[in-house]
Amino acid sequence: MSGAALGLEIVFVFFLALFLLHRYGDFKKQHRLVIIATLLAWYLCFLIVFILPLDVSTTIYNRCKLAVNSSPAESNGSYVTLAPSKQNCFKPWSYIPNGIMPIFWRVVYWTSQFLTWILLPFMQSYARSGGFSITGKIKTALIENAIYYGTYLLIFGAFLIYVAVNPKFNLQWNQLQTIGIAAANTWGLFLLVLLLGYGLVEIPRSHWNGAKRGYLLMKTYFKAAKLMTEKADAEENLEDIMEEVRKVSESIKYNHPLRKCVDTILKKCPTEYQERMGRNMDDYEDFDERQNSYPSEKSLVKLHKQVIYSVQRHRRTQVQWQILLEQAFYLEDVAKNETSATRQFVHTFQSQEPENKIIQYFYTPTVEWYWECLLRPWFYRVLAVVLAMFSVIVVWSECTFFSTKPVLSLFAVFIQLAEKTYNYIYIEMACFLTIFFLSICVYSTVFRIRVFNYYYLASHHQTDAYSLLFSGMLFCRLTPPLCLNFLGLTHMDATISHRDAQPTAYTSIMGSMKVLSFIADGFYIYYPMLVVILCIATYFSLGTRCLNLLGFQQFMGDSEMTSDLIDEGKELIRREKRKRQRQEEGENRRREWKERYGNREDSTRNRVVHTEQKESSFSETNTNRPLSKYTRSNGRTERDRIELLQDAEPLDFNADSINDDPLESDSGRYQSGGRYLSMSRSRIFEDV
């Protein structure tokens, strides 16, 4: 089993990152480099979270071996460490051989840092660029990132000059590397505490409110009103952009040098707009013959960028509106079925997607009623209580993890109790649950936050390339300080525990933070206490109230604006529900009509066609008999000429009498056969 656990987790984490990226990204429409870069960033961050518990168990086993090989009792400062026996010091099932973990962590860490500080910012600018060539997009990305990269180079250069001038400092390459790592972790820890303080309160509260059907329904109505406003704004913005594209497309003709750029812009437009613009195009005019002012390539690049953004936003709002409608209909169905006497869940609308037969077999309407109306609210309440207990433990440990005597951090107490008995499975499970909960609090906040329309992670493949790359940047910057914070909470970091013991492989590549004592002994210890203030602010929704005062509409139960938006959303949902009911009723009527009269109409139509074919063949035989001396091609030419002359006379729909209809003269040829004449008249109104 040596290294098997590491290999299994590497494979599992890859498919987990791929699944999440498939949920938020669009593999078919987005660029492959964007997908690969985002997948690599997410994969490396998730990998650190899942592999770190194995590093902890392996480190505890290595400490046990060193203690067995050393003296039975050795003093270490203020306490005495007793060497364990060889019977207790057994190799864990997930043991990773020496030398693998340092190399593994070094590759993972520096790859993630290269992604977050160099590659992903460049790809963000590249993805948002409206250039028409690779060279143009690269040039735009370099210009936009010049200030970004120049700021870091300026700070780093000033620091190097200060170190070179000051004789007190004699820094080597390893110390410079440690300083760079400390600077990156300091920036990440600053953002980590902000996101963690929000997630520790919001995640348990969201699950508790998930058990309140009325609360969820009111919030859905509120979201519907806001989303309808955003949807209308997106449609209006798209119309304005398409109008500009139409003007540019009409002004730049087929032989203009910039016509290729216009064609590239047209390909990014929706299909209906492309067809509309294609019908109005007139490429017979030469652009040199008219003295018009043509747009420049720079303005076309800007227009191309606006088209990409407006089309993505319009498509995202359309999909989100449909998803929100389904959610609202579902919550209304739950509210109706709670008082059902039959204890069977009845849906107002059938699901548009075909359900799995296995799920349909086991998840019957009765099972669905018991789960949705009885069990699910209690499950959410119990889960919310468990998550709230975890949040309290995290807040307490964040405020007391620096205390080593006595040990006040509860996570450190759990790990040390398991370390005494060398229960490696318990150690790994405790470490995994701890770091997994911390990661959920931080990462879920990353998925929830929205910076206007520039950064927004939308599910169902509606996230744009810029937001995907930005999320990869955040993950790579947040994960290393998150892991260091976890090791500090469990006292596995020698800087926190002040123990002269073997460090984990992860902390060994970080170097000794004693080079910057004010960061190691000050910022890393006292700044996480700020999470208490952030949790209190989140509990009383201070951020939501401030945004509401600034004009950003937020869901607040005691606000008049919220009540108005709820009423507006309720009316919108009711209108969409009536619209869908009318559509289903129309489809049902057409289906019933087809089932009842479809076979009869088909048989009548076949009988009429068969009779027409017989009589037409009879008339053609009588007509062509005296003309048998002419060739076949001449006969076809004569028939084509007659049909062309007949079709040349237009129909007069304003005629006062039926005799003015040109069809009357045509049908007069068959008046000798009254049966055929009446049949041809009935065919006129058959499609009405």
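The protein chain of this predicted model contains 24 helices and four strands. Of its 688 residues, 38% count as buried. Among contacts between residues at least 6 apart in sequence, 77% join residues at least 24 apart.

Two packed helices are described by the angle between their axes and the distance between the axes. For helix H2 (residues 32-69) and helix H3 (residues 100-128), the axes come within 10 Å and cross at roughly 150 degrees. The crossing of H2 past H3 is left-handed. On the H2 side, the residues that meet H3 include Leu33, Val34, Ala37, Leu40, Leu44, Ile48 and Asp55. Their counterparts in H3 include Met101, Phe104, Trp105, Val108, Thr111, Ser112 and Leu115. Classified by residue type, the contact of H2 with H3 comprises 17 nonpolar, two polar and one charged residues.

Helix H3 also has a kink of about 45 degrees, centred on Leu115, a residue that takes part in the contact with H2. The end C-alpha atoms of H3 are 40 Å apart, which agrees with the 42 Å that its 29 residues should span at 1.5 Å a residue.

Elsewhere in the chain, His491 is located in the loop between helix H15 (465-489) and helix H16 (494-497). His491 has a relative accessible area of 3% and is therefore buried, the cut-off being under 20%. When neighbours within four places in sequence are left aside, His491 is in contact with Phe401, Ser403, Thr404, Val407, Ser409, Ala412 and Gln416, as well as with Ile496 and Ser497.

Technical notes
Residues numbered from 1 in each chain as written. Predicted model: local features only at pLDDT ≥ 70, side-chain atom pairs only at ≥ 80, totals over all residues. Heavy atoms only, no water. Axes fitted to C-alpha atoms, helices over the stretch in contact; angles between N-to-C directions. Helix = DSSP H or I, 4+ residues; strand = E, 2+ residues; numbered from the N terminus. Left-handed = near helix turned anticlockwise from the far one by under 90°. Contact = heavy atoms within 4.5 Å. Nonpolar A, V, L, I, M, F, W, Y, C, P; charged D, E, K, R; others polar. Expected span 1.5 Å × (residues − 1). Bend = angle between axes of the 7 residues up to and from the residue. Buried < 20%, exposed > 50% of the residue type's maximum accessible area, 1.4 Å probe, protein only.
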